[in-house]
Amino acid sequence: MRVELLWWEGCPSYPEAIAEVRDLMREEGLDPDALELREVETDEDAAAERFPGSPTIRVDGEDIVPPGGEEPHSLTCRVYRLRDGRYSPTPDPADVRAALRTAKETT
Amino acid sequence: MTLAVGQKATDFTLPDTEGREHSLPEGRPAVVVFTCNHCPYALAWHDRIAQAARDYPDVRFFAINPNDAERYPADSFDAMRERVERDGGWPLPYLHDESQEVARAYGARTTPHVFVLDAEGTARYAGAPDADYRDEGQQASWLREALDAVLAGEEPARAETEPVGCSVKWRS
């Protein structure tokens, strides 16, 4: 299984996101050190990566919360909705866990 | 340039989403919040700031969006209007700082970035609305503490905090 976290340093949420994903990988019996971190530094990188904002987490190439596609790919903070409806700069941990479990089951 | 606590704030004239122009009030405290549409931190804190605006009717609140809308279309003037309309109106005017001059004069770093001004227009608090964007129970407590002190004619115990949020999107 490949778990990637794409981040941009202009958004302060990435350290929290990295820690959360690593904790969840550990809880799911995965090696947290296997998390691939990729910094997105320029608008050109953002376009090439189809980067909808920081942080973006992909499991086996699939975004764990597929973006709507209305916004251009750019260096920005990503807006997530938690399962209780609140806005958040990081995804709901339950969404991350669900993506990891689905990938585990299909691997 | 940055507006430091203890310094007099620069006045401004900016349009709100209804096309009305707003400036700092004379002889009344004010709260200036740099904010925007596209930032999750600004969105997470918005309801708390709006509630504070309702709870302090003697204080003028202003939300100012300074972001470069060319690179961030979600922060365009049209998108600001649509958001306020979708919300059924806001208890504070949502102003467009298209030139970014006001944000530069205040030294806004993030969205949100809160400034509390006393009745003479002097900055008495600058920073985050409260300690945790995730915790709705915080209710913009740092902002409210500063306002309570200003309204009582006292210095806020906490004059500055580190603003937390997305960087202001400056034009290149």
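Reader: How are residues, chains and confidence handled here?

Author: Residues are numbered from 1 along each chain as its sequence is written, and chains are lettered from A in the order in which they are written. The model is predicted: local features need pLDDT of at least 70, side-chain atom pairs count only at pLDDT 80 or more, and totals for chains, interfaces and linings use all residues.

Reader: Why is strand β1 of chain A described as largely enclosed?

Author: A residue is buried if 20 or more other C-beta atoms, placed from the backbone, lie within 10 Å of its own. Strands are DSSP runs of E with at least two residues, and helices are runs of H or I with at least four. Four of the five residues of β1(A) (residues 3–7) are buried, so the rest of the structure largely encloses this strand.

Reader: Which strands pair with β1(A), and in which sense?

Author: Pairing requires at least two DSSP bridges between two strands. β1(A) runs antiparallel to β3(A) (residues 56–59), with four bridges; there, Glu4(A) has Arg58(A) as its bridge partner. With β2(A) (residues 36–39), β1(A) pairs in the parallel sense, also over four bridges, and Leu6(A) stands opposite Arg38(A).

Reader: How many residues does each chain bring to the contact between A and B?

Author: Two residues are in contact if their C-beta atoms, placed from the backbone, lie within 7 Å. Chain A contributes 14 residues and chain B twelve. On the side of chain B, α1(B) gives the largest share, four residues.

Key
Buried ≥ 20, exposed ≤ 12 C-beta atoms within 10 Å, placed from the backbone.
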